[in-house]
Amino acid sequence: QEPALLWKSSETMTTRLILLLNLAVVAVASSGASSIWSITMRHRLLAPITVGVRSAASQQQRGNAAIDMPSRSSIRYNGDPLSQDVNRAIARGGAANYAADASPDKPPALKYLRWAYTATGVATTAAWATMTYTTIRSNQPQGAMMPCWQHGVFARIGAMSAAGLIAGAFTSLAVTASKANSWDDLSTDSCRRHNLALATTGAASSLWVRFAKQITKIPGTNPLASHQNYGGAMQAKLIACYGSAAVLGAAVWVRSLPDDVRRSPLSWPQRIVDGVSKSFLSIAPKDINDPVQVKYSLLTSSFLIFTAMQTVCNMPISVIPSWTSRRLSRAFPIYTFLGAVTSLDLKEATENGRILIDENYRTLSNGVKSFGGLYIGARVGAALFDPSFPEHFGMVNQVPGLAAAAIAMVALTLRSDKK
């Protein structure tokens with residue numbers, strides 16, 4: 001009995017360490033969010049004073065730059081947006097004024113947004129790791145034993161493949177925020193789409209934690225048992241981790257909207273529906289002869305199909321692609337949905353020729369590849385090194401075709417982004 005007690009003690013210590021990590025991350029995320037809020041409010045209060053000072057300085061610069069200033073008619077432009085900005089700047093008073101307009105002071109809240117994304121990304125990853133560790137193990141519920149230790153290890157590795165998608169999304173937005181000089185830089189379709197996706201995944205994960213007992217219930221048990229039932233401090237910390245990501249994503253999405261739209265919350269649902277409809281109709285590749293466009297188009301479609309299967313279908317269909325039976329099969333689609341959003345962004349970046357150039361798209365692509373590597377590694381490891389395979393994979397054995405299709409789909413993530 002001593003080894004069993006030692007193992008139980010080890011599991012308890014690990015769980016406590018994860019709880020402490022979650023608490024620390026939530027504290028960092030909360031302080032970061034409060035800092036951004038306070039700085040934003042201070043910026044709004046000081047804005048009139050700042051505008052007045054800049055206006056006076058601009059008048060002085062305008063006078064100094066009047067000497068040797070080329071006339072507006074002596075400069076030729078190509079009609080592109082940057083040239084038009086130069087044109088307008090010269091009309092307002094000269095090159096010195098244009099230089100000031102071209103590199104405006106960064107809003108204070110943006111200076112800390114990168115760290116807010118980083119903190120909430122770490123919090124979300126830690127929360128998912130906690131869910132994976134505490135749900136895929138023996139005696140969950142009491143008496144439900146893993147057939148061998150390898151069974152749980154490879155199931156956890158497969159579930160943790162979602163961490164690649166989480167890290168890619170948050171890191172990409174952190175990179176974009178670090179380079180942004182204004183909120184307009186965060187108003188691209190890609191940024192808005194990803195912020196809305198993070199708000200959705202954070203809210204959905206919080207709901208899963210809250211109703212885990214009902215979602216993971218085991219039919220036929222008397223009294224009714226579940227694979228997971230969070231409560232107390234653990235439930236509060238997990239919801240705080242996921243909730244911080246949901247609040248941050250939603251707040252940045254709202255802040256990046258045009259002023260007239262932001263002041264009309266009743267128009268937001270229609271804007272979301274319009275954007276989702278547009279995204280659905282743009283899944284197909286513009287050039288079917290471009291293998292990278294085809295790759296991400298297929299990945300977007302596949303992620304969406306598997307998300308729908310896991311969400312609305314019954315067992316055994318909903319066990320694909322997670323292979324986690326009733327333990328996490330209803331939580332995994334939250335992150336295959338995030339994979340669909342990421343793949344759509346990468347498809348559009350491929351069409352625009354930016355996928356191999358922009359750092360944020362390279363980050364998203366690496367996240368998709370790490371998801372695929374961990375997922376395929378877990379499936380191969382289970383097949384080769386799990387003594388309980390295939391006898392104790394009852395749900396998967398009932399849908400071998402879907403299991404093979406999921407593996408083939410995920411294997412596509414490992415293809416290079418070069419043509």
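Student: How do helix 7 and helix 14 pack, and at what angle?
Tutor: This is a predicted model. In it, the axes of helix 7 and helix 14 (residues 333–351) lie 9 Å apart, at an angle of about 175 degrees. An angle over 145 degrees counts as roughly antiparallel, so helix 7 and helix 14 are roughly antiparallel to each other.

Student: Which residues of helix 7 and helix 14 make the contact?
Tutor: From helix 7, Ser190, Arg193, His194, Ala197, Leu198, Thr200, Thr201, Ala204 and Ser205. From helix 14, the list includes Ile334, Tyr335, Phe337, Leu338 and Val341. Asp345 and Glu348 of helix 14 take part too.

Student: How does the contact of helix 7 with helix 14 divide by class?
Tutor: There are 9 nonpolar, 6 polar and 3 charged residues.

Student: Is the crossing of helix 7 and helix 9 left-handed or right-handed?
Tutor: The crossing is left-handed.

Student: And what meets what between helix 7 and helix 9?
Tutor: On the helix 7 side, the residues include Leu196, Leu198, Ala199, Gly202, Ala203 and Ser205. On the helix 9 side, among them are Leu238, Ile239, Tyr242, Gly243, Ala246 and Trp253. By class, the contact of helix 7 with helix 9 has 13 nonpolar, 7 polar and 2 charged residues.

Student: Let's zoom in on serine 205. Buried or exposed?
Tutor: Serine 205 sits in helix 7. Its relative accessibility is 2%, so serine 205 counts as buried.

Student: What is serine 205 in contact with, leaving aside neighbours within four places in sequence?
Tutor: Tyr242, Ile334 and Tyr335. Tyr242 belongs to helix 9, while Ile334 and Tyr335 belong to helix 14.

Student: Change of topic. How many disulfides in the whole structure?
Tutor: A search finds 0.

Student: Last one, the overall picture. How many helices and strands?
Tutor: The protein has 17 helices and 2 strands. Of its 419 residues, 43% count as buried. Among contacts with a separation of 6 or more, 75% join residues 24 or more positions apart.

Key:
Residues are numbered from 1 along each chain as its sequence is written. This is a predicted model: local features need pLDDT of at least 70, side-chain atom pairs count only at pLDDT 80 or more; totals for chains, interfaces and linings use all residues. Side-chain values use heavy atoms; hydrogens and water are left out. A disulfide is a pair of cysteine sulfur atoms within 2.5 Å. A crossing is left-handed if the near helix is turned anticlockwise from the far one by less than a right angle, and right-handed if clockwise. Helices (H or I, at least four residues) and strands (E, at least two) are DSSP runs, numbered from the N terminus. Contact means heavy atoms within 4.5 Å. Ala, Val, Leu, Ile, Met, Phe, Trp, Tyr, Cys and Pro count as nonpolar, Asp, Glu, Lys and Arg as charged, and the others, Gly among them, as polar. Axes are lines fitted to C-alpha atoms, for helices over the stretch in contact, and angles run from 0 to 180 degrees between N-to-C directions. Angles under 35 degrees count as roughly parallel, over 145 as roughly antiparallel, 65 to 115 as roughly perpendicular and the rest as oblique. Buried means under 20% relative accessible area, exposed over 50%, partly exposed in between (1.4 Å probe, protein chains only).
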